[in-house]
Amino acid sequence: MPMKVALVTGAGRGIGREIALRLAKDHARIVVHYSGSEEGAKVTAETITAAGGEAVTCRADIAKRSEVQALFAAIDARFGRLDIVVNSAGVSAGGALADLDDEQLEWMLGVNFRGPLYVASEAAKRLGEGGRIINLSSSLGEFPMAGSGAYSATKVAIKSFTESWAKELGKQGVTVNTVIPGATAPGMMDTAPPGFRAFFEQASPFGRIGTASEIAEIVAFLASPQASWVSGAHIIANGAAST
Ligand SMILES: NC(=O)c1ccc[n+]([C@@H]2O[C@H](COP(=O)([O-])OP(=O)(O)OC[C@H]3O[C@@H](n4cnc5c(N)ncnc54)[C@H](OP(=O)(O)O)[C@@H]3O)[C@@H](O)[C@H]2O)c1
């Protein structure tokens with residue numbers, strides 16, 4: 001049986017990189033998507049190929065539908081198949097409601113809301129029996145904080161996408177699920193404002209934040225044949241933190 005092909009968005013750094021490396025261990029050929037992190041994407045791909053796997057890098061701003069269409073056209077040309085799609089790329093910004101910043105709002109709506117929709121729309125034309133879509137949400141969608149309203153809303157929307165797409169794409173044998181990370185590093189927590197990391201460490205009874213590889217393990221399970229009956233589900237991984 002030919003090896004599966006997995007697209008991981010935002011795989012040049014953070015959680016996306018760990019997911020790409022983990023899926024490669026399960027022998028998937030990996031499309032390492034990036035937007036600005038060209039060097040990071042090369043490192044991800046080289047790490048996979050150095051371990052005997054296969055990976056290509058592909059750039060697209062997922063907030064732009066035409067760029068997402070070009071990304072999928074490149075995957076068609078290179079592999080002629082697609083089995084697993086992981087919507088990991090995402091951005092966050094926060095601030096007081098009274099200081100609402102349109103630029104930040106458009107940025108989050110573009111990357112966190114329209115981006116996964118554009119990606120899934122192209123994926124829906126290609127994925128068949130055994131196909132997988134795995135969407136990354138955020139525990140800040142479950143437990144919004146003061147100042148996180150816009151980001152939290154874009155991430156909780158992901159759960160709605162998952163439930164709708166699971167019903168629609170189940171008919172073609174595709175499962176769709178959400179992974180909901182809590183504070184995680186490497187990833188966004190590395191660039192969070194001072195004090196955030198300590199806050200999230202204390203919020204978990206484990207006294208720490210999560211690791212990107214812990215998130216990648218859940219994605220690997222959902223991508224595997226063993227998860228064939230799991231669809232429309234949301235798996236939270238935040239070390240029992242109420243944040
Ligand atoms: N880390 C956490 O604490 C945490 C917690 C909860 C949920 N999450 C979620 O987990 C996912 C991964 O987050 P992370 O921690 O890995 O974030 P990160 O390290 O900040 O990386 C953000 C990723 O998004 C990509 N991206 C940004 N703008 C893009 C655009 N216009 N088009 C395409 N890709 C774009 C970046 O690609 P380039 O660098 O190539 O531009 C990068 O790979 C996100 O959906 C996030 O909401 C993270």
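His33 counts as buried, with a relative accessibility of 3% (buried is under 20% relative accessible area, exposed is over 50%, and partly exposed falls in between, with a 1.4 Å probe and protein chains only). The residue sits in strand β2, where helices (H or I, at least four residues) and strands (E, at least two) are DSSP runs numbered from the N terminus. Between the C-alpha atoms of His33 and Lys155 there are 20 Å, with 122 residues separating the two along the chain. A word on ground rules: this is a predicted model, in which local features need pLDDT of at least 70 and side-chain atom pairs count only at pLDDT 80 or more, while totals for chains, interfaces and linings use all residues. Residues are numbered from 1 along each chain as its sequence is written, and side-chain values use heavy atoms, with hydrogens and water left out.

On to the salt bridges. Side chains of opposite charge can pair when their charged atoms come close. Taking a salt bridge as a side-chain nitrogen of Lys or Arg within 4 Å of a carboxyl oxygen of Asp or Glu, a search of the whole structure turns up 14. In one of them, Arg126 meets Asp76 at 2.9 Å, N to O. This pair ties together distant parts of the chain, 50 residues apart: Arg126 is in the loop between α4 and β5 (132-136), and Asp76 is in helix α3 (residues 65-79). Arg126 is partly exposed at 26%, and Asp76 is partly exposed too, at 34%. Lys125 bridges to Glu122, with the closest N and O atoms 2.9 Å apart. Here Lys125 is exposed at 57%, whereas Glu122 is buried at 4%. Arg208 and Glu214 form a salt bridge as well, their closest N and O atoms being 2.7 Å apart. Arg208 is partly exposed at 39%, and Glu214 is partly exposed at 34%. Salt bridges with shared partners join Asp76, Glu122, Lys125 and Arg126 into one network.

Helix α4 (residues 102-124) also holds Leu109, which is partly exposed at 31% relative accessible area. Together with Phe113 and Leu117, Leu109 makes a nonpolar surface patch of about 200 Å². Patches are built from residues with over 30% relative accessible area and no salt bridge, joining like charges within 9 Å and nonpolar side chains (Val, Leu, Ile, Met, Phe, Trp, Tyr) within 5 Å; accessible areas come from the Shrake-Rupley method with a 1.4 Å probe, and for residues only the protein chains shown count as cover.

Ala185 and Pro186 are joined by a cis peptide bond, with omega about -5°, and Pro186 is in the loop between β7 (184-185) and α7 (196-203). His27 is not a glycine, yet its phi is positive, near 75°. The loop between α1 (14-25) and β2 (29-34) holds His27, which is exposed at 57% relative accessibility. Ala240, likewise not a glycine, has a positive phi of about 60°. Ala240 lies in the segment after β9 (234-237) and is exposed at 54% relative accessibility.
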